[in-house]
Amino acid sequence: MKTNDVILQTTTKVIFFIIILFSIHIFFAGHYAPGGGFVGGLLTSSGIVLLLLAFDLKTVSTMLPINYTVMVAIGLLIALGTAAGSIFFNVPFFTHAFEYFTLPLLGKQSLHTAALFDAGVYLVVVGVTMTIIQSIGEDE
Amino acid sequence: MTILANILIVATIVFGVIFTLVTAVGLIRLPDIYTRTHAASKSATLGVMFILIGVFLHFWLIEGHLNSRILLGIIFLFITGPIGGHVIGRASYLSGVKLWDKSVVDELAPVVEERKKQFNKQ
């Protein structure tokens with residue numbers, strides 16, 4: 001029987017943005033507060049899973065046309081690149097650098113290369129979780 | 001000022017805890033799944049929201065730290081709590097869980113019957 005999912009779908013459209021906003025907040029808060037790439041990635045993928053629950057797999061893949069396997073590869077490359085970048089400055093592998101910058105809207109902020117490594121972790125976590133869930137869901 | 005703030009915080013948290021307790025009692029005492037989801041989704045949402053408001057007021061008025069995550073959590077719970085109750089209730093109705101034997105009227109039954117007939121015809 002075809003059911004009417006209008007309440008679930010309408011709330012999903014609102015809630016999805018709150019979850020994504022919170023996952024971005026958790027991702028950027030990682031250096032000074034609880035959070036980081038792993039939790040942020042899990043939150044983002046849980047937002048996408050909420051979309052998958054409310055709509056079907058085909059609709060979600062037209063909404064977000066992302067190849068998650070490529071996403072894992074890009075994340076690993078970013079993580080490896082930030083780790084290997086330290087070699088060019090004649091310091092050991094995985095040495096991180098930071099500097100204070102005055103950004104136009106945010107004021108004085110410290111930008112750290114660990115955030116780039118975290119971005120790699122984030123992409124890998126989202127990619128792996130979504131690959132697992134999609135490949136289980138597609139199986140007929 | 002601190003006393004007034006403390007009274008407000010204690011009052012909201014106690015109110016929330018009482019509502020959560022009412023939810024637990026309702027889950028034990030009520031007869032079928034629909035009345036139970038009614039108790040759980042409504043009063044648990046209100047109770048947890050009041051506890052979060054109390055925590056927010058404590059950190060804001062006493063510690064001087066405005067925590068916007070708690071406000072986001074309150075909004076999130078306010079939207080999702082009742083939706084959870086709705087989805088659980090509808091799923092159990094569509095999978096054929098019986099109403100309480102003293103229930104008087106079931107207005108959804110003819111609609112579901114009609115839908116099933118249409119679906120079988122196709």
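## Confidence of the model

Chain B has a mean pLDDT of 90, with 100% of its residues at 70 or more. The structure is a predicted model, and the predictor assigns the complex an ipTM of 0.79 and a pTM of 0.84.

## A salt bridge between the chains

A search of the whole structure finds one salt bridge over all chains. The side chains of Arg90(B) and Asp5(A) form this salt bridge, with an N to O distance of 3.0 Å. Arg90(B) belongs to helix 3 of chain B and Asp5(A) to the segment before helix 1 (6-29) of chain A, so the pair joins two chains.

Arg90(B) is partly exposed, with a relative accessible area of 27%. Asp5(A) is likewise partly exposed, at 22%.

## A nonpolar patch on chain B

On the surface, a nonpolar patch is formed by Leu8(B), Trp60(B), Leu61(B), Ile62(B) and Leu66(B), which together have about 450 Å² of accessible area. Helix 2 (residues 33-62) of chain B supplies the largest share of the patch, three residues. Leu66(B), by contrast, is located in the loop between helix 2 and helix 3 (68-94) of chain B.

## A buried serine in chain A

Ser86(A) lies in the loop between helix 4 (68-84) and strand 1 (98-103) of chain A. Its relative accessible area is 3%, so Ser86(A) counts as buried, the cut-off being under 20%.

Apart from its neighbours within four places in sequence, Ser86(A) is in contact with Val91(A), Pro92(A), Phe93(A), Phe94(A) and Thr95(A).

Methods
Residues are numbered from 1 along each chain as its sequence is written. Chains are lettered from A and ligands numbered from 1 in the order in which they are written. This is a predicted model: local features need pLDDT of at least 70, side-chain atom pairs count only at pLDDT 80 or more; totals for chains, interfaces and linings use all residues. Side-chain values use heavy atoms; hydrogens and water are left out. pLDDT is the predictor's confidence in each residue, from 0 to 100. Helices (H or I, at least four residues) and strands (E, at least two) are DSSP runs, numbered from the N terminus. Buried means under 20% relative accessible area, exposed over 50%, partly exposed in between (1.4 Å probe, protein chains only). Contact means heavy atoms within 4.5 Å. Patches are made of residues with over 30% relative accessible area and no salt bridge: like charges are joined within 9 Å, nonpolar side chains (Val, Leu, Ile, Met, Phe, Trp, Tyr) within 5 Å. Accessible areas come from the Shrake-Rupley method with a 1.4 Å probe; for residues, only the protein chains shown count as cover. A salt bridge is a side-chain nitrogen of Lys or Arg within 4 Å of a carboxyl oxygen of Asp or Glu.
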